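Let's take a friendly walk through this model, starting with a pair of helices and moving on to the cores.

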Amino acid sequence: MTLAGYMLGQFSVAQYLEFFARILVACVCGAAIGFERSKRFKEAGIRTHIIVCCAAALMMIVSKYGFVDMTDPNGVPFNGTHGTDPARIAAQIVSGVSFLGAGIIFRNGTSIRGLTTAAGIWATAGIGLAIGAGLYVIGIFSTAVVALLQVFMHKFALSADSMIIGQVHCTVKQSDTFRAAMNQYIEEKKMQIVASKIAFNEDDSATYDLTLRMSQEITLNDLSEFLESNEGVREIRCELGK
C-alpha cells in the first residue's frame with residue numbers, strides 16, 4: 001500500500017464531509033467580517049477575508065490530521081518520527097498572517113490607515129484555526145464578536161478613534177485677520193494642530209497649509225463655509241481622512 005492510499009484509508013466519508021463543512025463554515029465566517037470592511041471601502045474586503053479564513057482552516061486541519069502516516073495502524077510512531085510536533089503548522093499561521101496584515105497598514109501624511117483591517121485579518125485567521133480544529137461554537141461566536149465590534153465602534157467611536165485628520169490649504173490676502181479667526185475656530189471646535197506651514201507671497205498674500213486633528217462630526221462643508229466666510233480668502237482646498 002502506498003502512503004497516499006494509507007492516508008486515504010485513515011478517514012471515513014463522514015470524516016471527510018466534516019472537513020469540508022469546517023472549510024465552508026470558515027468561509028462564511030470570513031465573509032461576515034469582510035462584508036463590514038467592504039462596506040467601508042477598505043483595502044481588504046470579502047474575498048481577502050474568505051481566503052484568509054479558509055486557508056487558516058485548511059492549515060489547521062492539516063496540522064491536526066495530516067500526520068497520521070507517521071504512525072502504524074496501532075499508533076506506534078515510525079522510526080525517525082519521535083518528538084515531532086504537528087501543531088507547529090498552526091503556530092506559524094499566527095506569525096505568517098501578521099506579514100499579510102502589515103501590507104495593509106500604510107501612512108497617509110500624518111495619519112496611519114489600515115490598522116483595524118489588519119487586526120481583523122489576524123482575527124479572521126484565528127477564527128479559521130478554531131473552525132479548522134472543530135471548535136465551531138468558539139469560531140462562530142468570535143466571528144459575531146469581531147463583526148459587531150467593528151460595526152458598533154464605528155458608530156460609537158471613543159477617544160482617539162473618534163478623531164480624523166483634516167488638511168486645509170488656502171491663500172488669503174489679510175493674513176493677520178485670518179490667523180486670528182482660524183485660531184478662534186480651532187479653539188471653538190476643539191481641534192489640534194498637528195502640523196502647519198505658512199508661506200508669504202510677493203503680492204502680500206499668505207498661503208496656509210494646516211494639518212488638523214478634529215472630531216468626526218466636522219465635515220468638509222463646515223470647513224469650507226468657515227473659510228469662505230473670511231474676507232480675502234482666494235483659494236481653498238480641504239481634505240479629510242481617517
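## A helix pair

Helix 3 crosses helix 5 in a right-handed manner (the near helix is turned clockwise from the far one by less than a right angle; helices are DSSP runs of H or I, at least four residues, and strands are runs of E, at least two, numbered from the N terminus).

Contact (heavy atoms within 4.5 Å) involves residues including Val52, Ala56 and Met60 of helix 3 and Ile121, Ala125 and Leu129 of helix 5. By class, this contact has 10 nonpolar, six polar and no charged residues.

## The cores

The largest nonpolar core has 20 residues (buried Ala, Val, Leu, Ile, Met, Phe, Trp, Tyr and Cys joined through side-chain atoms within 4.5 Å; buried is under 20% relative accessible area with a 1.4 Å probe, protein chains only). Phe178, Met191, Leu212 and Leu223 have the most contacts inside it. Strand 5 (206-215) is among the elements supplying at least two residues, and gives the most, with five.

Another core lies apart, with 10 residues, among them Met60 and Ala125.

## About the model

This is a predicted model: local features need pLDDT of at least 70 and side-chain atom pairs 80 or more, while totals for chains, interfaces and linings use all residues. Residues are numbered from 1 along each chain as its sequence is written, and side-chain values use heavy atoms, leaving out hydrogens and water.

Terms used:
Buried means under 20% relative accessible area, exposed over 50%, partly exposed in between (1.4 Å probe, protein chains only). Ala, Val, Leu, Ile, Met, Phe, Trp, Tyr, Cys and Pro count as nonpolar, Asp, Glu, Lys and Arg as charged, and the others, Gly among them, as polar.
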